[in-house]
Amino acid sequence: MKRQGYNRSVYRSLALITQFGINMLVPVLLCMFAGIFLDDRLGTSFWAILLFFVGALAGFTNIFRMAKHIYQDKNNDGHDGNN
């Protein structure tokens, strides 16, 4: 019985790590590809770098929001508010 609880927490942790990775990589990659596309179309060489940082900022914002949500949920577990 206890082992099943352990397996569940391990799978939840792995899913959380995967979500963090996806939430960071997707905006960075999308912005990088958009920047490369714009650089090719416009003949410039700065959009890829600029949009990389925009994507990184968006990814960090996603991770921050998700971590904040998870932290608030953990603090609310077991508290009914009527203490």
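This is a predicted model: local features need pLDDT of at least 70, side-chain atom pairs count only at pLDDT 80 or more; totals for chains, interfaces and linings use all residues.
N62 lies in helix α2. Which residues does N62 contact, leaving aside its neighbours within four places in sequence? They are N23 and P27. Take N23: N23 and N62 are 39 residues apart along the chain, yet their C-alpha atoms are separated by 6.2 Å.

That brings me to the chain as a whole. Its secondary structure is 2 helices and 0 strands. If you take the contacts between residues at least 6 apart in sequence, 58% of them join residues at least 24 apart. The N62 and N23 contact is one with a separation of 39 residues. How much of the chain is buried? Of its 83 residues, 14% count as buried. The accessible surface comes to about 7,000 Å², and carbon and sulfur atoms account for 65% of that.

Back to helix α2, which runs over residues 47–76.

Which residues of α2 are buried? They are A48, L51, G55, A56, G59 and M66. As a reminder, an α-helix has 3.6 residues a turn, so residues three or four places apart point the same way.

Next, the aromatic rings. The count is 2 aromatic pairs. One of them is F52 with F53: the ring centres are 5.4 Å apart and the planes are at 75°, so the pair is edge-to-face. The cut-off for that label is over 60 degrees. Are these two residues buried or exposed? F52 counts as partly exposed, because its relative accessibility is 34%. F53 counts as exposed, because its value is 54%.

Last, the other helix. Helix α1 covers residues 2–42, and I36 is in it. I36 is partly exposed, with a relative accessible area of 37%. Together with L25, L29 and F33, I36 forms a nonpolar patch on the surface. The accessible area of the four residues together is about 400 Å². Patch members need over 30% relative accessible area, so I36 at 37% passes that cut-off.

Technical notes. Residues are numbered from 1 along each chain as its sequence is written. Side-chain values use heavy atoms; hydrogens and water are left out. Helices (H or I, at least four residues) and strands (E, at least two) are DSSP runs, numbered from the N terminus. Buried means under 20% relative accessible area, exposed over 50%, partly exposed in between (1.4 Å probe, protein chains only). Contact means heavy atoms within 4.5 Å. Accessible areas come from the Shrake-Rupley method with a 1.4 Å probe; for residues, only the protein chains shown count as cover. Patches are made of residues with over 30% relative accessible area and no salt bridge: like charges are joined within 9 Å, nonpolar side chains (Val, Leu, Ile, Met, Phe, Trp, Tyr) within 5 Å. A salt bridge is a side-chain nitrogen of Lys or Arg within 4 Å of a carboxyl oxygen of Asp or Glu. Rings of Phe, Tyr and Trp (its six-membered ring) pair if their centres lie within 6.5 Å; planes under 30 degrees apart count as stacked, over 60 as edge-to-face and the rest as tilted. The expected span of a helix is 1.5 Å times one less than its number of residues.
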